Amino acid sequence: METILRDFGFVLAFVVLALLFGLIAVFIPRLIAPRTVGAKTESVYECGMDPFGSAWIRYAALFYLYALIFIAFDVDVLYLFPVATSYVRGGKPEEFLALAVFVLLLVLAIAYAWGKGVFRWKYEDL
Amino acid sequence: MEVRGPLIKFGVLEKLLNLARANSLWPMTFGLACCAIEMMATTAARFDPARFGAEVFRPSPRQCDFMIVSGTITKKIAPVVRTLYEQMAAPKWVIAYGNCAISGGPFVFEGQYNVIEGVDKVIPVDVYVPGCPPRPEALLEAIMKLEEKLTGYRRFPTPERRW
Amino acid sequence: MIEWLKRRYREDFGGDPLRLALAMVGLAMILAVVVAFLYLVVGRTLKAVWSAWGWDVVRLFLGMVGVMAVVFGNALFLVWAERKVAGHMQIRIGPKEVGPYGLLQSIADSAKLLAKEIITPRLVDRPLYLLAPLVIFVPCLVAMVVIPFDARLQVRDINVGVVLILAFSSLTVLAIFMAGWGSVNKYSLIGGVRSISQGIAYEIPMLLAIIPVVMMSGTLSLKGIVEAQSRLWFVAVQPVAFLIYFISAVAETNRTPFDLPEAESELVAGYHTEYSGMRFSLFFLAEYTNMFIVSALATVFFLGGYKGPVLPGVVWFFLKTYFLIFIIMWFRWTFPRVRFDQLLNFSWKLLIPLAMANLLVTGGLLKL
Amino acid sequence: MVAEELLRGLEGLGLEIREALYERQGFWFDIHCPRDRIVEVAEAFDEKGYWIEDVLCVDWRERLELLYHFNHWEDPRRLSVRVQVDPADPEVPSICKVFPGAGWHEREIHEFFGVRFKGHPNLAYLFLHDEIDFYPLRKDRVPIPEEDKRLLTSMDFSPEEEDAFWINMGPQHPSTHGVLRLILKMRGEYIERAEPVLGYMHRMQEKMAEVRTYAQYYPNTARLDYVGPLAFSQCFVGAMERLCGLEVPERAQVIRTITLELNRIASHLLWLGTFLLDLGATTPYFFAFDDREQILDLMEGLTGARLTFSFFRIGGLYEDLNDGFLEGVARFIERMKKRFQIYDDLVTGNIIFVKRTKDVGVIPREVARRYGATGPTLRGSGVAYDVRRSEPYAAYSDFPPEVVVRQEGDSYARYLVRLEEIKRSLMVLEQAIERVPEGPFRLQKTPKKPVPGEVYFATESPRGQVGIYIVSDGTDKPYRLKWRSPSFSNLAAFTEVVKGQLIADAVATLGSLDLVIPEMDR
């Protein structure tokens, strides 16, 4: 328990260090950099034109599907890490069977998505 | 539009920073007309502004140090040039590259309705490079003039001084 | 010296003794405040931490200093090296005039960026926009905690090091999306969306390529993985996993040919279009640090880490890492950019099935 | 022949057809068409497979004359259709339903002459800025009517439209090569519609020509298309020679051919570099520019300029060959032949490059015809049409270049066509430098004022067919001068094929067209 806490103490210290460094790095230019005061300095850059239309719109729903499969996947793949650490050379073959079934299920997920045409990029699908 | 000085300004610090700025001038990816081709030729292998650290062409005006106005300023593009200049982060400089950017070049005639005679009518200019189009060496020289403006001395001895 | 001081006095204080005196008083006051702060706050905290952690505090501070040195040294070196490598691949010479061999080029760049104006556009979503450059720097530093530079040169050997690094590396994607969404700029938004889908598409093959390594070494500690390669580097037994990992790593760091979030010819500067000065250079710094980290991890997982004959381990480690970085640079200056659907489908249709097959084969062979 | 068949059909419609003198005027037949029957005539042309070269307008003060130039790929003879318009009521039916490519020309005429085209879907201004309150190319100052003023700035899009994502690409954008502005209506990563806005580099070339003498105007032809300036110079001097009936010395013609081909190679190399830059590959740019510098060195020795060579003169050349030029060209040919290996290794065989360009931006034959696409863009779509072969100028009849054709019509085909054209140009050069005849390089006497008349001349620039139409009234200044610019028509075709493409593909397609902005903005 003590070691784990200390481990995360290290990690936390580095997180704080990173944030602190970023803050300092952004603060220094406030002191030593000249500033521009212009009518359009702080407006949105759009190739030199005045922006029109909103930038916050509903973007292609296609990405949503990718995100969905990913979530299913990422969690499942994480399960494999504890399995992998205890997966020893030689030993019982049914360990492999369990692993194979698990991975094949994941493959099935991809095959399903593939068959459903998630990976097909066609303008007409939109 | 104006550029205000920094909050803290020391002579030594400013000198050091100017030295750094002079050695890392990042131009903006902005070609207008004929001179833009010579600008591209300048960035290519033979002339290679990378030697002085001036090859990092940034497409976004927020991240670059100077703008090369390489071509004719028409009345339609003038507001764009001005907007881009205003959106650049200070300190910033402008090179008027070629006759068109200096005075309208060969496109000025009586009764013309579309050309602005010189980019300095729109934004302040630091270095003027004459020519139609100027050679790539001229652009390198302009960058060095800009460096000279910052540091106060020239990077290489001028030919006259050497010979 | 005296002359110089006199000139400074004339130029900076206008030869006015009153201004000099005022400056001196101001300086003294600042010093006093700093000393008091150090004694009262930092000193006491340190004392408390010391009593709880003992020598680990020294280790932590040395680690912080060392890691910052590595991060900056690496970024400065890589900026120079990339421009030099690019130059020589493109029949030119690259930086040359700024210092010997142009070595001071990156220092000049960073000094310039430090004194560059930071523009915050009016319409941005401030919390997201301001936090993004800070957040992107976190995973870079945290990953450094567990990387074993040598047998004894490691900030701390955490026993779930692999998972820690992978977990934190997802933050990069988050930060890029924060930047893209927070900028309220169309190019940034597309860059952000692309970055998310790219990040998630390549995280899975990356994970799947690491699992066989973990299986073979039986540990999640990076040092343990290196020690498991005493006899044979894993690249010899896991070439497919190495390739998959390396490709995914290039994609995770947004380097050409997978640099779609900042695709210059389509999206101007992608997610960091609206960032200027130091904020932009934080993104830059993170990119180069990430490059170092993924190469270092590839070294640890597949190339035997710090193991190697004759030379000290740390030298071997850096040699291998920088060799991989060189290959990443080589990619950048050779390949065009892939298209977005090709990028995603390459991962989903080829890399992931391949990684799974590799995992199964490894699992099967280990049981034989 | 197609032309005779068509003319018989048109005669049946009761149109007045006159034969023109090609040697002096540059087109074969003159078809006079009443204003209201132009759509009918256009349909007849369309049926026979003609493509539209150009639509232009001449202000004769008491009347406006519209000229439609049509040409045919298999039977390359230029036919000119004339429509007279009353300046008091300038209204003509639009033919953009038949030839969508004419739509842009019509917009241009509308904006410079005030001719209204009935049935045109979008007459918004392409070139001019919103402070203009008169029709620039009219001889008398005619103010823009109030109801037309809205067309200056308005485009027919509404940014408020729900769920629409508008992207503004340009004027300052890395992939638009200058100051082209594309307004893209997006649907996710896909482009639903692309609306180009031109005129950011409109430098009044045609207006300027009316103010300056022929000799004064001539250097500006090189500033139109700064990448391949000699094709434009050749077009101008060729037209003048045709108008005055000058016989250019043989030596000058051969040297013109050599410089034109060198210029073509230089232009294609520049395109190669920037095209790959658009696709995200930086290194080929440097190799291509390195080769290009060799050509520029040669040309600089000959002409004194690196970019905007104004080397040709009416009736010959500015200067004879300098010492060592031909040897230099021979050395360059040897060098260039070895360099193709680099491009093949670095680009042609690069799997990512092939995947990015194959089947991307396919311009079908039919689209190319209706929009009037020319040059490598057209030859990439499977049409063996090259002005150097169909209407040989300079010494191309002695050294006919082989026409490179690919059937696919995609960006990859256009890339291959251009790369192959460099090789073919080298072959032309190889023959030409062996056979430079002795003799004068310039006519001793050239007229300052051409005879009154009109003339059309076409050349093949690296981007496609350049055309010039000059009306001379016998003074030392042109009465009207009109350029047909290849990029203009190619871009019009681009707006058609870009629909439904990914934004990355649009960038690749745009790059593969090799646009030069000042050339189409003029």
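Predicted model: local features only at pLDDT ≥ 70, side-chain atom pairs only at ≥ 80, totals over all residues.
## Where chain C meets chain B

Let's start with the two chains that touch. On one side, chain C brings 32 residues into contact, and on the other, chain B brings 21. Several elements of chain C give two or more residues each to this side: helix 1 (2–13), helix 3 (55–89), helix 4 (105–114) and helix 13 (277–302). Helix 4 of chain C gives the most, with five residues.

What classes of residue make up the side of chain C that touches chain B? There are 13 charged, twelve nonpolar and seven polar residues.

## Two domains in chain D

Now over to chain D, where the domain assignment gives domain 1 (2–154) and domain 2 (205–521). Their C-alpha centres lie 26 Å apart. In the contact between them, domain 1 of chain D takes part with 20 residues and domain 2 of chain D with 27.

On the domain 1 side, helix 2 (22–25), strand 3 (51–59) and helix 4 (100–113) of chain D supply at least two residues each. Strand 3 of chain D gives the most here, with six residues. By class, this side of domain 1 has 13 nonpolar, three polar and four charged residues.

## A three-stranded sheet

Chain D also has an open sheet of three strands, in the order 13-14-15, with antiparallel pairing. Strand 13 (453–461) and strand 15 (478–484) of chain D are the edges, each pairing on one side only. From one strand to the next, the twist averages 15°.

Strand 13 of chain D is joined to strand 14 (residues 464–472) of chain D by nine bridges. Look for Tyr456(D), which stands opposite Tyr469(D) in strand 14 of chain D.

Key:
Residues numbered from 1 in each chain as written. Chains lettered and ligands numbered in written order. Contact = placed C-beta atoms within 7 Å. Helix = DSSP H or I, 4+ residues; strand = E, 2+ residues; numbered from the N terminus. Nonpolar A, V, L, I, M, F, W, Y, C, P; charged D, E, K, R; others polar. Pairing = 2+ DSSP bridges. Axes fitted to C-alpha atoms, helices over the stretch in contact; angles between N-to-C directions. Domains from an automatic or database assignment.
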